Amino acid sequence: MDEETAKGMKMRGEMAIRELVSILDADQIKEHCSDEEFVQIKRGIGLSIALIGTELVSVVYRQYPELDPIKNS
């Protein structure tokens, strides 16, 4: 993949992660779910974030390590 495509994938992956995290930040989610449901939702969001990181963003970082903010801090 070319670098512009990689940058776009990284940006969209990061946006998806932020969007998933925002679900947990929404107070109404916890207020309208049982504790058991909330635990399931948190787990699903965590698994989704992990997959985005391992299956999308890490692909970009392997090919373009200079885009990885952790390695370049």
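Is Lys10 buried or exposed? I looked this up before anything else. Lys10 counts as buried, because its relative accessibility is 18% and buried means under 20% relative accessible area, with exposed over 50% and partly exposed in between (1.4 Å probe, protein chains only).

**Ground rules.** I am working on a predicted model, where local features need pLDDT of at least 70, side-chain atom pairs count only at pLDDT 80 or more, and totals for chains, interfaces and linings use all residues. Residues are numbered from 1 along each chain as its sequence is written, and side-chain values use heavy atoms, with hydrogens and water left out.

**Lys10, continued.** I placed Lys10 in helix 1. I then listed what Lys10 touches, leaving out residues up to four places away in sequence: Val60, Tyr61, Leu67 and Pro69. Contact here means heavy atoms within 4.5 Å.

**Fold.** I counted 3 helices and 0 strands. Along the sequence the pattern reads α-α-α. Helices (H or I, at least four residues) and strands (E, at least two) are DSSP runs, numbered from the N terminus.

**Core.** Which residues form the largest nonpolar core? I noted 9 residues: Ala6, Leu20, Ile45, Ile52, Val57, Val60, Tyr61, Tyr64 and Leu67. Helix 1 (3-25) and helix 3 (35-63) are the elements that give two or more residues to this core. Helix 3 supplies the largest share, 5 residues. A nonpolar core is a set of buried Ala, Val, Leu, Ile, Met, Phe, Trp, Tyr and Cys residues joined through side-chain atoms within 4.5 Å. In soluble globular proteins, nonpolar side chains tend to be buried together.

I then checked one core member, Ile52. Not counting residues up to four places away in sequence, Ile52 touches Gly13, Ala16, Ile17, Leu20 and Val57. Val60 and Tyr61, which Lys10 touches, are also on the core list.

**Overall shape.** I compared the radius of gyration with the globule rule. The protein has 15 Å, whereas a compact globule of 73 residues would be near 11 Å. The radius is taken over C-alpha atoms, and the rule is 2.2 Å times the number of residues to the power 0.38. Along its principal axes the C-alpha trace spans about 45 × 25 × 15 Å.

Buried residues make up 22% of the 73. Among contacts between residues at least 6 apart in sequence, 62% join residues at least 24 apart.

**Charge.** How many positive and negative side chains are there? I noted 9 positive and 14 negative, with the centres of the two sets 5 Å apart. Lys and Arg count as positive and Asp and Glu as negative; His and the chain ends are not counted.

I looked up three pairs, C-alpha to C-alpha.

- Asp2 lies in the segment before helix 1. Asp2 is partly exposed, at 44%. Asp2 and Asp25 are 23 residues apart in sequence and 35 Å apart in space.
- Lys7 is in helix 1. Lys7 counts as partly exposed, because its relative accessibility is 37%. Lys7 and Leu24 are 17 residues apart in sequence and 27 Å apart in space.
- Gln28 sits in helix 2 (residues 27-31). Gln28 is partly exposed, with a relative accessible area of 45%. Gln28 and Asp68 are 40 residues apart along the chain, and 34 Å separates their C-alpha atoms.

Technical notes: Charge placed at Lys NZ, Arg CZ, Asp CG, Glu CD.
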